[in-house]
Amino acid sequence: MVAGAASSQESSSVPVLPATPLLQRTALRPTFRVGDFPTLDADRPEPDGPPGSSAAADQQQGLVKRSIIRIGQDQKHLYRGPFEAHNLKWDAVILVGTGAFLAADRHIENNISHSNFTTYQAISDTALGGLAGSAALMYLYGLKDDHSHARETGELELETLVNTFLIYTPMQLIAGRQRPDEGNNHGDFFKHHALNTSFPGGHAMFTWAMASVLADEYPKPWARVLSYGAAFTVTFTRFMARDHWASDMFAGTGLGLAIAEKTFHTRCNPEFESQCKHHQWWWKPMKIDTQ
């Protein structure tokens, strides 16, 4: 339009075209479509949270779902494990050892002093706190610095503890054993139906499970001495404090080690400098979906 007006001013010989046809011929057509612009779906309004909050929530839900699936798979194979042929030798060790200690429990307990039990309990709590704190620090270190080996250690520690708790709980409810200074001091079974009973020894079961994962993830001599040393300290001092019978602590130790080894060798990454790729000649890992 401007060019047409300018040319009519420069030459009087060029006839001036009518305004209306010019406007009709030179009118600009839109080069966009309304559909090209993003619109909000009325059924799915935009979240009010910060960018990425929805993705973070989905990721969290995925982690929870994956953990539930993994724990379910672990429990199925842990309960089925004692009946597998390659585990029969370990079943015999735990059953025969527990039976022998059950027969000797009262004789052993009669030779344990009733003094200094508070000191033993304090030592046990310190060793247990150090072991649990080490596992927690490993997990936090892995999250902060993106250290995949440390993160795996923390995740397997947590998964092992959950697996241990889910086996420890029904055994406590079923056994219902009295502690050394309860009832007639005979350690009778089926007297209590609660979680805080004598068999199996919970402190031994959980600490040996934690120590085994740490020792397998970092098989350095000093790391194995510290982790297994802490577990032995907790087990021994709880026994000396007369919280458990000898058979309780033996069974708890065996079960904790078995659960930890099964969980570790199922979920560990053989690319790390750990025991994951070294003990395959005697350990048969579970064949399950690890997604």
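**Reading rings, salt bridges and a surface patch**

Student: I'm starting with Phe 250: at 27% relative accessibility, what does it count as?

Tutor: Phe 250 counts as partly exposed at that 27%. The cut-offs are under 20% relative accessible area for buried, over 50% for exposed, and partly exposed in between (1.4 Å probe, protein chains only). Keep in mind that this is a predicted model, where local features need pLDDT of at least 70, side-chain atom pairs count only at pLDDT 80 or more, and totals for chains, interfaces and linings use all residues. Residues are numbered from 1 along each chain as its sequence is written, and side-chain values use heavy atoms, leaving out hydrogens and water.

Student: How many aromatic pairs are there?

Tutor: Rings of Phe, Tyr and Trp (its six-membered ring) pair if their centres lie within 6.5 Å; planes under 30 degrees apart are stacked, over 60 edge-to-face, and the rest tilted. That rule gives 6 aromatic pairs. Take Phe 101 and Phe 250: their ring centres are 5.3 Å apart with planes at 40°, so this pair is tilted. Phe 101 sits in helix 4 (residues 88-109) and Phe 250 in helix 9, so they tie together parts 149 residues apart in sequence. Helices here are DSSP runs (H or I, at least four residues), numbered from the N terminus. Phe 101 is partly exposed too, at 30%.

Student: And how do the planes of Tyr 168 and Phe 206 sit?

Tutor: Those planes are at 70° with centres 5.4 Å apart, so that pair is edge-to-face. It links Tyr 168 in helix 6 to Phe 206 in helix 7, 38 residues apart. Both Tyr 168 and Phe 206 are buried.

Student: On to charges: how many salt bridges does a search of the whole structure find?

Tutor: Side chains of opposite charge can pair when their charged atoms come close. The criterion is a side-chain nitrogen of Lys or Arg within 4 Å of a carboxyl oxygen of Asp or Glu. The search finds 10 salt bridges. One of them joins Arg 267 and Asp 74 at 2.9 Å, N to O. Arg 267 is in helix 9 (residues 246-267) and Asp 74 in helix 3 (residues 53-80), 193 residues apart. Both are buried.

Student: What about Arg 242 and Asp 181?

Tutor: Their closest N and O atoms are 3.0 Å apart, in a salt bridge. Arg 242 lies in the loop between helix 8 (221-240) and helix 9, Asp 181 in the loop between helix 6 and helix 7 (202-217). Arg 242 is buried at 10%, whereas Asp 181 is partly exposed at 46%. Elsewhere, salt bridges with shared partners join Arg 70, Asp 74, Glu 159 and Arg 267 into one network.

Methods:
Helix = DSSP H or I, 4+ residues; strand = E, 2+ residues; numbered from the N terminus.
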